[in-house]
Amino acid sequence: MLTIRPERPDQPEVAALLEQLDAYLASLYPPEANHILDVQALLAPDVYFQVARRAGRLVGIGAFRRMPGETATGGEPYGEIKRMFVPPAERGQRIAEKLLHSLEDRLRTESYRWALLETGVDQHEAIRLYERCGYVRRGAFAGYPDNGLSAFYAKAL
């Protein structure tokens, strides 16, 4: 049975999974194109971090950062989806989809009306996931550069 719940990102096994994600991103993009929240940033009060476990074994992570309104969002506050990752050996079981839906549910509970995210154009599996889950392309936000390496998405909650 899959369980999804908030946990600290500074646990050794979670930190190891974050390092795996960072290595994957580093293999695809130059350092300046990776917009990564490190473990310390994930511990900030404006971040909600959760893990997925099956029989106690870590099988995925995801987070959102609570963001204030800005010009690019018409002044509307939003949750920015961050650090979504399921190890390759665990893919194909809809774990990422369940993590994403759980994050969206929490955003709704906190009265956010929008979930936004930035992902890389070469992360085809991630793009398929987000589009399958109802995210639509949009312009850059949160000061991200529109450098051709990022794809920006939003979903009305």
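Which residues is Lys155 in contact with, leaving aside its neighbours within four places in sequence? I started my notebook with that one, and the list came out as His101, Glu104, Arg113, Trp114, Ala115, Cys133, Gly134 and Tyr135. Contact here means heavy atoms within 4.5 Å.

**Ground rules**

I am working with a predicted model, where local features need pLDDT of at least 70, side-chain atom pairs count only at pLDDT 80 or more, and totals for chains, interfaces and linings use all residues. Residues are numbered from 1 along each chain as its sequence is written, and side-chain values use heavy atoms, with hydrogens and water left out.

**Lys155**

I placed Lys155 in strand β7. Strands (E, at least two residues) and helices (H or I, at least four) are DSSP runs, numbered from the N terminus. Is Lys155 buried or exposed? Lys155 counts as buried because its relative accessibility is 12%; the scale I use is under 20% relative accessible area for buried, over 50% for exposed and partly exposed in between, with a 1.4 Å probe and protein chains only.

**The sheet**

Next I traced the sheet. It is open, has 7 strands in the order β1-β2-β3-β4-β5-β7-β6, and its pairing is mixed. I count two strands as paired if DSSP finds at least two bridges between them. At the edges I found β1 and β6 (136-138), each pairing on one side only. From one strand to the next, the twist averages 30°; angles run from 0 to 180 degrees between N-to-C directions, and axes are lines fitted to C-alpha atoms, for helices over the stretch in contact.

I then stepped along β2 (residues 47-54), which is mostly covered, with 7 of its 8 residues buried. On one partner, β1 (residues 2-6), I see an antiparallel arrangement with β2 joined by 5 bridges. Ile4 stands opposite Ala52 in β2, and Thr3 has Arg53 as its bridge partner. With β3 (residues 57-67), β2 pairs in the antiparallel sense over 8 bridges, and there Arg54 stands opposite Arg57. The two strands β2 and β3 form a hairpin with 2 residues between them, and Ala55 in the turn has a positive phi of about 55°.

**Helix α3**

I checked the length of α3 (residues 95-109). Its 15 residues should span 21 Å at 1.5 Å a residue, and the end C-alpha atoms are 21 Å apart, so the two agree. The expected span is 1.5 Å times one less than the number of residues. Across the sheet, α3 lies over β1, β2, β3, β4, β5 and β7, running at about 35° to β3. Its buried residues are Ile95, Glu97, Leu99, Leu100, Leu103, Glu104 and Leu107. After α3 comes Ser111, whose phi is positive, near 70°.

Glu97 counts as buried because its relative accessible area is 19%. What does the side chain of Glu97 make a polar contact with? The partner is the side chain of Arg132, at 3.2 Å. A polar contact is a pair of N or O atoms within 3.5 Å; within protein, one must be able to donate a hydrogen and the other to accept it, and residues adjacent in sequence count only if both atoms are side-chain atoms. Not counting residues up to four places away in sequence, Glu97 touches Leu129, Arg132 and Cys133.

**Cores**

The largest nonpolar core has 24 residues, and those with the most contacts inside it are Ile81, Met84, Ile95, Leu100, Tyr130 and Tyr135. Two or more residues each come from β2, β3, β4 (78-85), α3, β5 (114-120), α4 (124-132) and β7 (150-156). The most come from α3, with 5 residues. My definition: buried Ala, Val, Leu, Ile, Met, Phe, Trp, Tyr and Cys residues joined through side-chain atoms within 4.5 Å. I looked up Tyr130 too: leaving aside neighbours within four places in sequence, Tyr130 is in contact with Met84, Leu100, Leu117, Thr119 and Tyr135. A second, separate core of 16 residues includes Ala33, Leu37, Val51 and Ile61.

**Last stop: Leu28**

Leu28 lies in helix α1. I have Leu28 down as partly exposed because its relative accessible area is 29%. Not counting residues up to four places away in sequence, Leu28 touches Asp122 and Gln123.
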